[in-house]
Structures are given as structure tokens and as C-alpha cells.
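Subject: A structure for you to look at

Dear colleague,

Here is the structure I promised to pass on to you, and I would be grateful if you opened it before reading further. My notes on what was found in it follow below.

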Amino acid sequence: MGRRSYQPPRSSILSSRRDARARMPRPAPVTVRVPAKVNLHLGVGPGRADGYHDLASVFQAVSLYDEVTATAADELSIEVAGATGVPVDDSNLAAKAARALASAAGVEPAVHLRLTKGIPVAGGMAGGSADAAAALVACDALWGTGVDRSTLAALAAVLGSDVPFALQGGNALGTGRGDLLSPILGRGQYHWVFALADGGLSTAAVYAELDRQRAEGAASPPAHPPDGVLGALRAGDPVALGRVLANDLQPAAVRLRPQLRRVIGAGQELGALGTVVSGSGPTVAFLVRSAAVSISFASALAGLDVCRSIRRAHGPVSGARVLPPDGR
Ligand code: C5P
């Protein structure tokens with residue numbers, strides 16, 4: 001008769017793994033700061049068979065930040081501070097990021113993620129993508145997975161079109177769905193005022209509206225290549241940059257949110273160097289000449305009462321980075 005080894009029930013294997021983890025010293029929490037983005041140029045090609053659109057996008061990372069703190073825990077959980085309406089279940093892109101990294105690295109997704117939101121939610125500034133990028137970097141450091149930067153970038157691209165840029169930051173040209181990045185060697189710091197709207201816009205709905213407008217012949221043809229933006233960044237010239245800001249999604253965002261016309265009109269009224277809807281909106285970005293001008297511009301914009309709230313920022317800034325443990 002063959003020998004049968006004792007097989008403990010699966011639940012007791014799991015609980016003994018948990019007990020073993022509980023006995024190990026837990027690593028210190030890791031906090032990652034991650035920036036928002038604005039598109040200086042968003043050229044949208046025709047729809048593709050996979051439901052996406054080919055893009056020629058010039059991103060700039062700007063100094064509005066989310067922070068993601070990863071703390072060792074028995075299982076994956078999410079907590080959100082600083083915003084309402086962000087899911088705390090598995091549909092949160094940060095949770096998907098933690099699971100994707102855990103599975104690639106062969107570890108358990110045992111982490112509590114605290115998201116502190118400073119980036120407008122569903123505002124066209126890639127806040128959800130930023131949290132996914134930050135969760136990848138934070139969990140990587142917490143778990144000591146040692147995966148290389150290119151593996152993180154590949155995981156990022158699967159999570160969403162804007163996630164690779166949130167890892168990288170700076171100025172970059174995005175092609176494909178926006179996920180194939182080439183860094184841009186630019187000069188200068190640029191100063192922005194952002195008008196935040198009440199409520200967000202669904203990115204998918206804005207792309208679908210653009211397709212509808214194009215099918216009706218109501219939308220202008222896809223934007224020219226981003227040569228003007230690249231030239232202005234090379235020269236470090238905010239006046240030239242202001243003239244060439246472009247976004248093919250803007251007419252679709254305005255159709256879905258007609259109040260944006262007044263916000264965009266405020267740019268000309270108040271003398272912005274350039275005005276553009278950020279990504280799929282509804283945030284509107286105003287480029288101004290200096291940090292000092294951004295203060296007076298923001299207060300004049302508040303006086304017009306055309307938006308819910310206003311933020312000032314500068315760019316480019318770096319992508320998702322671990323903060324030193326002693327703080328900011
Ligand atoms: O990649 P991400 O999940 O951020 O995209 C959200 C939605 O935006 C997609 O489901 C798609 O409808 C639309 N999209 C697109 N073309 C892109 C990027 C996004 O149509 N290049």
C-alpha cells in the first residue's frame with residue numbers, strides 16, 4: 001500500500017502562510033508622489049478595430065500631485081482621501097496595478113493603498129492613471145520585487161494609455177494609443193492655471209462623441225503633426241507654445257459640456273498665452289507667462305465665476321517618485 005502524506009486543508013495552508021507573514025517584520029510603508037498631465041497637442045487619428053484611436057500626443061507633467069502610500073497588510077484594500085466618487089474596490093486602477101505587479105513578481109497582493117487625491121477626478125488630467133503608476137512604484141518598493149523599469153512600463157501600458165507617461169513624467173511624445181513614449185528634450189518651465197469643472201467627463205464618451213462628429217462631417221480633420229509644439233519646447237518659448245496648443249478632443253468635450261465655451265472664452269478675455277481643454281476634459285488649461293502672472297490670472301478667473309475651482313501649477317516635473325520616509 002502506497003504511503004499517503006498528510007494534506008492539510010487549503011484554508012489552513014492559507015492561514016499558516018498568513019501567520020508566517022505576520023511573524024516576519026513588516027517593511028515600512030512607502031509613499032509615492034505622482035503628477036497630473038496636460039496634453040500640449042492631442043492629435044487623434046481614426047478609430048481602430050480594438051476600440052482605441054491612434055494618437056500623436058505631446059504630454060507635459062505638471063505640479064498637481066496625488067500621493068499613494070502602500071502599507072503591508074493581509075490583503076489588498078484601498079482608501080481614498082481628498083476626493084469623492086473614486087471607487088475603493090477592485091475597479092480602482094491602483095488595485096489593478098497592485099494585482100498586476102504581484103502576479104508578474106510572483107508575490108501576494110498583500111497591501112493597503114491609501115490614495116490622497118490632489119489631481120481632479122475624471123478631469124482629463126490622468127488622475128486615475130497617475131494612481132496606477134504610483135501604485136506600481138510603491139508596491140515594487142514595498143515588496144522589493146526588483147522588476148526592472150521596462151517591466152513596470154509594460155505593466156503600465158496594459159493598465160491604461162496614460163499610465164506609462166505618469167511613470168516617466170517630463171515632456172514626452174506619445175504615439176500608438178498614447179502609451180509608446182519618446183522623451184522630448186525641451187527647455188524652460190511653463191506656468192499654468194487650470195479651471196476645474198463640476199463633475200467629470202468619461203474619456204470613452206468623449207472619444208465616441210468625436211467619432212460621431214467625424215461621421216457627420218462636423219469635426220475638423222485630425223490635427224497636423226505636433227511640429228509647432230516640439231519647436232516651441234526646443235526653444236523654451238511659452239509665447240510660441242501658447243499659439244500652437246491643440247486638442248482634437250476639444251470640440252467633442254464642448255459638445256458634451258457646453259458651459260466649457262465660457263471657460264475657454266475666459267482665456268482670451270484675460271490674456272492667456274494659450275487655452276486648451278486638457279485631454280478629454282472638462283478641465284481647461286491656460287498657459288501664462290510666469291508664476292507671478294499665474295497668481296493674478298487665477299484671481300481674475302475666479303472673479304468671472306465660470307468654473308468650480310482653480311489650481312495653479314508648473315511643468316515639466318518628474319514622474320512617479322518614492323518620497324523620502326521623513327516626508328516631503
Ligand atoms: O486607455 P484608457 O483606459 O485610459 O482609455 C479609456 C478609453 O478612452 C478607452 O476605452 C477608449 O474608449 C478611449 N481611448 C481611445 N483611444 C486612445 C485612448 C483612449 O479611444 N488612444
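Strand E1 (30-47) and helix H5 (163-168) each give at least two residues to the lining of the largest cavity, and of these two elements it is E1 that provides the largest share, namely 3 residues. Please keep in mind, here and in everything below, that this is a predicted model. The lining of this largest cavity consists of Pro35, Ala36, Lys37, Met125, Ala126, Ala130, Asp162, Phe165 and Ala166, and when these residues are sorted by class, 7 are nonpolar, 2 are charged and none is polar. The volume of the largest cavity comes to about 40 Å³, and a search of the whole structure turns up 1 cavity of 30 Å³ or more.

Two or more lining residues come from each of E1, E2, helix H2 (93-105), helix H3 (127-143) and H6. By class, the lining of the largest pocket holds 19 nonpolar, 19 polar and 7 charged residues.

Where does the ligand sit? The ligand is found in the largest pocket, where the residues that surround it are Gly51, Tyr52, His53, Leu55, Gly160, Ser161, Arg177, Thr203, Ala204 and Tyr207. Strand E2 (53-72) and helix H6 (203-215) each contribute at least two residues to this shell, and the largest share, 3 residues, is supplied by H6. The shell around the ligand can also be divided by class, which gives 4 nonpolar residues, 5 polar residues and 1 charged residue.

In the side chain of histidine 53, an N or O atom is 2.7 Å from an oxygen atom of the ligand, and in the side chain of serine 161, an N or O atom is 2.5 Å from an oxygen atom of the ligand. With arginine 177 the backbone is involved, as one of its N or O atoms lies 3.0 Å from a nitrogen atom of the ligand. On its own the ligand has 450 Å² of accessible area, and the protein covers 76% of that.

Which form does the peptide bond from glycine 281 to proline 282 take? That bond is cis, with omega near 5°, and proline 282 belongs to the loop between strand E9 (274-277) and strand E10 (284-288). Glycine 315 and proline 316 are likewise joined by a cis peptide bond, with omega about 0°, and proline 316 is placed in the loop between strand E11 (309-315) and strand E12 (321-322). Alanine 122, a residue other than glycine, has a positive phi near 50°, and you will find alanine 122 in the loop between strand E4 (111-116) and H3.

With best wishes

How values were computed: Residues numbered from 1 in each chain as written. Predicted model: local features only at pLDDT ≥ 70, side-chain atom pairs only at ≥ 80, totals over all residues. Heavy atoms only, no water. Near = heavy atom within 4 Å. Polar contact = N/O pair within 3.5 Å; in protein donor to acceptor, adjacent residues only side chain to side chain. Areas by Shrake-Rupley, 256 points an atom, 1.4 Å probe, with all protein chains shown as cover. 1 Å grid on protein atoms, 1.4 Å probe; cavity = no way out; pocket = protein on both sides within 12 Å on 5 of 7 lines; lining within 4 Å. Sits in = over half its atoms within 2 Å of the grid points. Helix = DSSP H or I, 4+ residues; strand = E, 2+ residues; numbered from the N terminus. Nonpolar A, V, L, I, M, F, W, Y, C, P; charged D, E, K, R; others polar. Points joined across faces, edges and corners; volume = space filled by probe spheres on them.
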